[in-house]
Amino acid sequence: MKILITSGGTTEKIDTVRSITNHATGALGKIIAEKYLREGHQVTLVTTKNAVKPESATNLSIFEIEDVDSLIKTLKPLVKEHDILIHSMAVSDYTPVYMADFEKVKSSDDLDTFLRKDNHEGKISSESEYQVLFLKKTPKVISLVKKWNPQITLVGFKLLVNVTKENLFKVARHSLIKNKATFILANDLIDITSKHHIAYLLDHDNVYKATTKEDIAQLIYEKVKKYD
């Protein structure tokens, strides 16, 4: 089977020296990729420059992206030619539109004008005491996958912070149904440490628990294999 995996976290530029990103390292995606590589599958990894990656292998292809726009452009043709997508990448929810001096924003009679502006300078001046950053919601990449390839087996990921297990499962199953995924890997940030990673793999009827990144990789491999 041809396996497509995303890992790491996207970065959205504010200007040439500043950006918004997240804390994703790509560690889990790396371990999942290594599991499929050991089993002899052809693996394509879409990841980021600073994410950790598996060692080179004859059955491994790696594509590096930076932001949501480049992720969509890279992922779309790949989804069409793969059997399984394991979408573990932490994708930015928002991208910068414009950053402006607070006093200019405060004195404006029409805030909508800032949404039509661009920061043309390479590095935005740091002279202002306060700056206002306007953000725009990015497309939900997972929602596009089944439009690109209705037949692909989709494993999505949902990370929340300090919620009840009931709420975590509720949100995960909502994502499962909304995005027509086969499985969702649900986890809470407070359950992730350097040694442990408690996570739950959900389908429409079942919940399977894992306690380490290696367990997660094994669980995904086993359940997806049975499904296919």
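Mentor: Happy to! UniProt positions here follow the numbering used in this model, feature names are shortened, and an annotation may be inferred rather than shown by experiment. With that in mind, the unreviewed UniProt entry lists "domain: DNA/pantothenate metabolism flavoprotein C-terminal" for residues 2–110 and 117–226. This is a predicted model, where local features need pLDDT of at least 70 and side-chain atom pairs count only at 80 or more, while totals for chains, interfaces and linings use all residues. Numbering runs from 1 along each chain as its sequence is written, and side-chain values use heavy atoms, without hydrogens or water.

Residues 2–110 are 28% helix and 31% strand, with end C-alpha atoms 51 Å apart; residues 117–226 are 29% helix and 32% strand, and their ends also lie 51 Å apart. Helices (H or I, at least four residues) and strands (E, at least two) are DSSP runs numbered from the N terminus.

Now to your pocket, an open set of points on a 1 Å grid over the protein atoms alone, where a 1.4 Å probe fits and protein lies on both sides within 12 Å along at least five of seven lines. The largest pocket has a volume of about 1,300 Å³, counted as the space filled by probe spheres on points joined across faces, edges and corners. Its lining holds 40 residues, and Ser-88, Met-89, Ala-90, Val-91 and Leu-159 lie nearest the centre; a lining residue has an atom within 4 Å of a point. Two or more lining residues come from each of α1 (27–38), β9 (153–160), α5 (165–178) and β10 (183–192). Helix α5 gives the largest share, four residues. By class, the lining has 17 nonpolar, 18 polar and five charged residues. Here Ala, Val, Leu, Ile, Met, Phe, Trp, Tyr, Cys and Pro count as nonpolar, Asp, Glu, Lys and Arg as charged, and the others, Gly among them, as polar.

Strands β9 and β10 belong to an open, mixed sheet of eight strands in the order β5-β4-β1-β6-β9-β10-β11-β12, with β5 (60–65) and β12 (207–210) as its edges, each pairing on one side only. Neighbouring strands are turned by 15 degrees on average, direction ignored. Helix α1 packs on this sheet, touching β1, β4, β5, β6 (84–87), β9 and β11 (197–202), and its direction makes about 170 degrees with that of β1. Contact means heavy atoms within 4.5 Å; axes are lines fitted to C-alpha atoms, for helices over the stretch in contact, and angles run from 0 to 180 degrees between N-to-C directions.

Pairing takes at least two DSSP bridges. Strands β6 and β9 run parallel, joined by three bridges, with Ile-84 partnered by Thr-153. Strand β9 is also parallel to β10, through six bridges, and there Val-155 partners Phe-183.
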